There are 2 protein chains.
Amino acid sequence: MKPNGGLKIAIVGATGVVGKEMLDVLCSRKFPIRDLVLFASLRSEGKKINFDNKFFTCQTLKPRCFEGVDIAFFDASDDVSKEWVPNAAQAGAWVVDNSEVYRLNVETPLIVPEVNRDVLLNYINNNNLKIISGPNCTVAPLVVALKPILENFGLKRVVLSTYQSVSGAGSLAMNELKSQTQAFLNKNTFTPQVFPHPIAFNCLPHIGSFKEDGYTSEEHKTVNETRKILNIMNLKMTTTSVRVPTLNCHAESVNIECEKPWEIKTLLELLSKQEGISVLDDPSHNVYPLGINVTGKNPVFVGRIRKDTSAENALNLWLVSDNLRKGAALNAIQIGEILAEKNF
Amino acid sequence: MKPNGGLKIAIVGATGVVGKEMLDVLCSRKFPIRDLVLFASLRSEGKKINFDNKFFTCQTLKPRCFEGVDIAFFDASDDVSKEWVPNAAQAGAWVVDNSEVYRLNVETPLIVPEVNRDVLLNYINNNNLKIISGPNCTVAPLVVALKPILENFGLKRVVLSTYQSVSGAGSLAMNELKSQTQAFLNKNTFTPQVFPHPIAFNCLPHIGSFKEDGYTSEEHKTVNETRKILNIMNLKMTTTSVRVPTLNCHAESVNIECEKPWEIKTLLELLSKQEGISVLDDPSHNVYPLGINVTGKNPVFVGRIRKDTSAENALNLWLVSDNLRKGAALNAIQIGEILAEKNF
């Protein structure tokens with residue numbers, strides 16, 4: 001992948017936790033960049049950001065700001081994506097959008113390259129809108145782990161409970177966890193700002209907003225996006241999304257019923273061979289995935305893989321991934337790499 | 001309940017987190033106490049503990065130390081229970097033991113009064129060994145919530161993921177979470193002592209010890225004890241037990257498949273009427289059970305009750321209870337109250 005002279009890349013939300021991670025990933029993966037445009041909110045206008053030993057100045061989004069941009073990566077609010085993603089695409093840029101706005105649109109591919117690269121390639125070859133979505137930060141790692149299971153044993157039902165870190169809610173949420181925790185330890189009072197209840201030393205079974213059926217928007221997203229990426233629109237799946245007092249990396253307790261019988265040894269081999277998966281499963285040496293060890297790492301880590309005899313062909317596994325990486329920035333840049341290779 | 005002149009009560013493990021809670025519960029529920037004997041380890045020998053405005057001195061366990069004791073509550077190590085529970089019973093005391101040692105013995109009743117009081121009453125009337133077990137701290141609240149569901153709709157399968165606080169591992173574990181968290185915030189190094197890995201801002205999918213089948217001892221206990229208390233030895237159930245960085249109160253994400261169809265309204269009514277349950281379920285006002293609000297409270301709080309359409313007659317719920325109370329001290333004292341009423 002070496003487009004002639006490199007590409008003009010835009011990042012919308014460059015000062016956010018995911019935006020910063022995107023810059024890291026672009027740099028470490030030596031993305032072929034000719035020019036870089038960084039967009040942020042008015043508050044960050046003029047801020048200088050170091051990328052590969054050069055400084056780039058943050059701008060606000062303005063009419064015609066995407067002219068000449070080859071690929072625009074969006075990780076901003078839903079409102080920003082609603083307004084500016086079509087604008088960027090109309091200006092001729094390929095857009096990789098991490099908001100939820102376009103994910104479930106029939107005409108928008110929802111991509112996790114390890115799982116449905118073919119959908120992206122097909123879209124590139126027959127492109128119209130140039131808008132590609134990346135999924136929710138719990139979904140990207142989950143579908144990578146589910147892929148070899150689906151392909152080899154079939155998926156009958158998935159029951160998920162999540163342990164989601166606060167970085168999924170942005171840098172203010174990370175500050176809130178740290179400052180609330182310090183206040184708690186000092187026996188000082190505090191008022192929650194980002195979360196609806198205290199997050200220090202507390203679990204919140206509430207991410208996003210509540211819907212009519214008692215599920216949260218996060219829980220709906222998790223199920224619907226998993227279905228779309230795996231291309232099983234009637235996949236039987238349920239989830240409980242929980243915010244836990246960890247700073248970064250989401251963990252997931254996944255119960256899976258397969259269509260066909262399977263053996264642990266085969267399953268471990270298949271997971272080990274799966275692109276994007278790293279198996280960490282040696283309980284006798286206390287080896288299993290842990291959030292604090294996964295920050296800044298690209299793979300989805302799986303462990304605690306074991307038969308569940310309460311249902312036919314069932315298993316449990318524990319999955320941890322850096323929600324800022326595979327859950328957001330890395331996944332978007334991986335999509336960008338495919339775009340760069342196939343288009344320019 | 002007012003045995004003549006009150007009972008002689010012993011607490012083994014009186015200085016532990018559960019022992020202290022037992023004293024609180026005995027006092028607040030006005031347990032009919034004539035005399036109180038407090039046992040602790042050598043380290044705490046001679047320590048004076050205030051109970052109902054009188055001071056009692058901690059002793060170590062010695063031969064014949066249970067003579068004259070009516071009820072002995074044990075919340076100490078498995079080793080202590082192995083050695084001293086039979087000793088206390090042979091001395092004529094009724095023993096309520098919170099260790100795992102006797103829980104699955106065929107001849108030992110495993111009791112959660114709201115669920116299987118009848119088993120205890122039957123045992124009292126036909127007593128031999130005078131040893132009664134209380135269950136694991138995740139099991140006691142779970143079976144109280146499962147009871148009305150079982151009785152009205154039947155249980156087909158339960159898939160559980162837990163969010164267990166560090167107090168379940170004792171006061172040293174609580175200190176470890178606090179001191180590690182402070183060290184982390186100060187960017188100081190620390191070495192885990194109680195847990196196999198850092199617990200500050202981290203989730204550990206590891207409670208107890210690992211077994212051949214990849215499950216932990218905690219996960220085995222959770223399933224086996226639930227089966228015994230509900231008296232469904234072939235109940236289809238699987239669990240993933242996870243330690244989270246919270247100080248007190250366990251939370252549980254519970255997926256339940258029922259035998260029969262049910263309606264939300266009926267289920268809410270049944271749960272609301274269940275002794276020991278408090279329903280907190282008003283998502284539109286961000287009302288659901290939260291660990292930080294439950295410390296020191298007796299009920300098992302349930303919320304986020306919703307249909308799960310991924311399986312027939314299925315539901316999800318979120319349960320929180322004070323693991324030191326219903327999970328340990330309160331449950332034991334409730335058993336003691338029945339013993340006091342029926343025996344003395």
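This is a predicted model: local features need pLDDT of at least 70, side-chain atom pairs count only at pLDDT 80 or more; totals for chains, interfaces and linings use all residues.
Residues are numbered from 1 along each chain as its sequence is written, and chains are lettered from A, with ligands numbered from 1, in the order in which they are written.

Because 100% of the interface residues of chain B are also interface residues in chain A, the copies meet through the same surface; two residues are in contact if their C-beta atoms, placed from the backbone, lie within 7 Å.

Within chain A, the domain assignment, which is automatic or taken from a database, gives domain 1 (7-135 + 328-343) and domain 2 (139-323). The C-alpha centres of domain 1 of chain A and domain 2 of chain A are 25 Å apart, and their contact takes 15 residues from domain 1 and 17 residues from domain 2. On the side of domain 1 of chain A that touches domain 2, α3 (113-125) and α9 (325-343) of chain A each supply at least two residues, where helices are DSSP runs (H or I, at least four residues) numbered from the N terminus.

In chain B, helix α9 (residues 325-343) has a kink of about 35 degrees centred on B:Asn331, the bend at a residue being the angle between axes fitted to the seven residues ending there and the seven starting there. α9(B) is mostly covered, since 14 of its 19 residues are buried, that is, 20 or more other C-beta atoms, placed from the backbone, lie within 10 Å of their own.

Definitions and conventions. A residue is buried if 20 or more other C-beta atoms lie within 10 Å of its own, exposed if 12 or fewer, and partly exposed in between; C-beta atoms are placed from the backbone.
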